[in-house]
Amino acid sequence: MKKFRFQLDTVLGYKQQVLDNRLVEHGAAVAQVTKQEAVLADARTRMSNYENEFQQKQAEGMTMFEALKYQNCMQALIREVDRETEKLIHLRRIEEEKRARVVESRVETKTLEKLKEIKLQDYNKGVQKDEERFIDDLTATRRVLSNA
């Protein structure tokens with residue numbers, strides 16, 4: 001019997017490459033999300049520190065000009081936090097899409113691998129039957145030759 005060859009090996013190889021590429025893309029998306037989370041945390045920390053500074057200055061007493069300056073800066077920091085939050089939401093959506101694509105590729109690859117396993121089992125069963133048939137034929141031939 002000829003050697004086992006899975007007819008869809010090229011497709012399986014292609015699907016594995018697609019999976020590998022999608023894993024890399026997903027990893028990059030996760031890294032972007034992590035980086036954006038750090039940026040957002042930094043912006044929130046700066047806003048919190050600025051709020052604390054404003055409250056401290058307010059308790060000590062400040063001019064109207066200083067109060068307006070603090071309010072304008074606070075509004076700018078709030079806008080920055082909102083902007084960074086929106087970026088994070090967008091990056092998380094992208095990461096979720098990439099994760100879904102990875103899952104889809106894994107399913108496709110696993111399906112082909114399972115099909116390959118089934119075909120290999122069928123091939124091995126066929127080889128075993130051929131060997132058993134050969135042994136039976138050999139035994140039958142020896143009996144015929146020994147009886148003659």
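Where does phenylalanine 134 lie? Phenylalanine 134 lies in helix α2. Before I go on, a word on what is on the screen. This is a predicted model, in which local features need pLDDT of at least 70 and side-chain atom pairs count only at pLDDT 80 or more, while totals for chains, interfaces and linings use all residues. Residues are numbered from 1 along each chain as its sequence is written, and side-chain values use heavy atoms, with hydrogens and water left out.

Back to phenylalanine 134. This residue is exposed, at a relative accessible area of 56%. The cut-offs are these: buried is under 20% relative accessible area, exposed is over 50%, and partly exposed is in between, with a 1.4 Å probe and protein chains only. Valine 107 is 27 residues away from phenylalanine 134 along the chain, and their C-alpha atoms are separated by 40 Å.

Now the overall form. The protein chain has two helices and zero strands. Helices here are DSSP runs of H or I with at least four residues, strands are runs of E with at least two, and the numbering starts from the N terminus. The radius of gyration of the protein chain is 34 Å, well over the 15 Å that the globule rule gives for 148 residues, so the chain is more spread out than a compact globule. That radius is taken over C-alpha atoms, and the globule rule is 2.2 Å times the number of residues to the power 0.38. Along the principal axes, the C-alpha atoms fill a box of roughly 125 × 25 × 15 Å. Of the 148 residues, 20% count as buried.

Two distances give a sense of scale. Threonine 141, in helix α2, is 79 residues from methionine 62 in sequence and 113 Å from it in space, C-alpha to C-alpha. Threonine 141 is partly exposed, with a relative accessible area of 42%. Glutamate 104 is also placed in helix α2. Glutamate 104 has a relative accessible area of 42% and is partly exposed.

Next, the salt bridges. A salt bridge is a side-chain nitrogen of Lys or Arg within 4 Å of a carboxyl oxygen of Asp or Glu. How many salt bridges does this rule give? The count comes to 13.

One of them joins glutamate 25 to arginine 101, with the closest N and O atoms 4.0 Å apart. This pair links distant parts of the chain, since glutamate 25 is in helix α1 and arginine 101 is in helix α2, 76 residues apart. Glutamate 25 is partly exposed at 32% relative accessibility, and arginine 101 is partly exposed at 36%. The pair also belongs to a network of salt bridges that links Glu25, Lys98 and Arg101.

Aspartate 130 and arginine 133 meet in a salt bridge at 2.9 Å, N to O. They are separated by about one helical turn because they are three residues apart in helix α2. Aspartate 130 is partly exposed, at 29%, and arginine 133 is partly exposed, at 46%.

The side chains of glutamate 117 and lysine 114 form a salt bridge at 4.0 Å, N to O. Both residues lie in helix α2, three residues apart, about one turn of the helix. Glutamate 117 counts as partly exposed at 44% relative accessibility.

Last, the surface patches. Patches are made of residues with over 30% relative accessible area and no salt bridge; like charges are joined within 9 Å, and nonpolar side chains (Val, Leu, Ile, Met, Phe, Trp, Tyr) within 5 Å. Accessible areas come from the Shrake-Rupley method with a 1.4 Å probe, and for residues only the protein chains shown count as cover.

Which residues make the nonpolar patch of about 180 Å²? Leu8, Val11 and Leu115 make it. Leucine 8 lies in the segment before α1, which covers 9-60. With a relative accessible area of 31%, leucine 8 is partly exposed.

A patch of negative charge on the surface gathers Glu131, Glu132, Asp136 and Asp137. For charges, Lys and Arg count as positive and Asp and Glu as negative, with His and the chain ends not counted; the place of a charge is NZ of Lys, CZ of Arg, CG of Asp or CD of Glu. Aspartate 137 is placed in helix α2, residues 64-147, and is partly exposed at 46% relative accessibility.
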